[in-house]
Amino acid sequence: MESATDGYILLVPRVRGDREEGDPHSGLLIIDTAGEPVWTRRFDGDIYANDLTLQTFRGEPVLTYWQGESFEPGWGEGEYIILNGRYEEVARVSMGDGLNADFHDLIITPRDTALMMAYPRTEGDPPIRSSAVQEVDIETGEVLFAWDALDHVDTDESDHPLPEDEERAWDYFHINSVDEDADGNLLISARHTHALYKIDRETGEIMWTLGGKNSDFTLGSGVEFRYQHDARWLPDGRISLLDNVSAEADDDGASRALILQLDEETMHVDLVAEMTNPDEVISSTQANHQVLPNGHSFVGWGSRPSLTEFGPDGKVKRHMVFPSNMFSYRALLGDWVGTPEYPPAVSATIRQSGTVSVAMSWNGATEVVRWRVLAGAEPDALDVIKAVPRDGFETETTIDGEPRFVRVQALDVTGEILTESEVLPVSSF
């Protein structure tokens, strides 16, 4: 039987609870497919992180993530950070024209430009929170393309109620993903109109609307979606998305990962594949559907603390459940090589038995296979004591004798030294 796909899983874990009571706000996390942490970065206080993804920038694999301030009901103002394989910041990406990037999506194009979105407020009766898209040159910050929903989509298309608080702007559209096709035209998803829109990259005009109140397509059986996320073009012209189904977690039904086949001549859409949440529950917010190169679907269930990998036949290949008080905006799977620029962490403690316990970890490293422990009476005269296999995020071993100083070296699969820690004095138990 075909197995689950290997790689690293990217999450943005957030703990449910009141920030004022000291709950951690958010963080970035990479785990392996066994669930073991590989890299973690925590954000506390008013800083919120989101949308950790693997992309390509200047021909090299990079991590991208958003950081800033988040607002209810589900949007933010901040910027995107780009990290290389050494976890060094190589660029920050901001929007122009006085807008602040929202946390829902960043797409780095083959041109090394960034597609981002924002939620500008327009005063009126009622005040409206629109949705904007920009393409920005990452190096120069120049805005190359700009689009605003209010210029193209009437508020009558919204299915979102007016807020009870008259001072709060009406989020009538709520954009949550952006993508581009081979011609550069954009595909955007709007949660509050239950529709996808194809946007002409040259004119900004809507080429067609799929779903919602004014769909240009007839929908085949099972195609209708609501509160959707993560609409993406696939290489063969099909579209993948995550159908949240409802904004209420207690409603009947279950969220679904969908693949749709569009015929832009007959303006008809058929359902190609449907993969339902294995727990048969609704992800009322967030969530994503990633179609992998091997045809598998990797699905993060957003507000539901779990992820699932489905085979091309729709059968579950992997299902991971997180702690009940945690959720992740998305879950993504991919290849990543991390060799941090900072040294490994190490601790060495004399136990009551007289042995020395040595613990070692290199946050973000993916190529470590073994650890070598060096110890001695002087910091500049250390001998190799032993080598041990890497055992998860933190490896622990013991050494005999009475060394005063310890250092560890990280070894790759060939036995070459990747890096070494600082020399550390041994502490008492």
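I began with the largest pocket, which has a volume of about 1300 Å³. The volume is the space filled by probe spheres set on the points, which are joined across faces, edges and corners.

I then checked the lining: 44 residues, with Leu 54, Arg 232, Trp 233, Gln 290 and Val 291 the closest to the centre. Strands giving two or more residues to this lining include β4 (48-57) and β19 (229-233); a strand here is a DSSP run of E, at least two residues, numbered from the N terminus.

A note on provenance: this is a predicted model, so I kept local features to pLDDT of at least 70 and side-chain atom pairs to 80 or more, while totals for chains, interfaces and linings use all residues. Residues count from 1 along each chain as its sequence is written, and side-chain values use heavy atoms, without hydrogens or water.

Next I looked up the second largest pocket, at about 660 Å³. Its lining has 29 residues, and Glu 72, Pro 73, Gly 74, Arg 191 and Thr 285 lie nearest the centre. β4, β5 (60-71) and β27 each supply at least two of the lining residues.

Last, I checked the open sheet: four strands in the order β32-β29-β28-β36, with mixed pairing (a pair needs at least two DSSP bridges). β32 (395-399) and β36 (427-428) are its edge strands.

Definitions and conventions: 1 Å grid on protein atoms, 1.4 Å probe; cavity = no way out; pocket = protein on both sides within 12 Å on 5 of 7 lines; lining within 4 Å.
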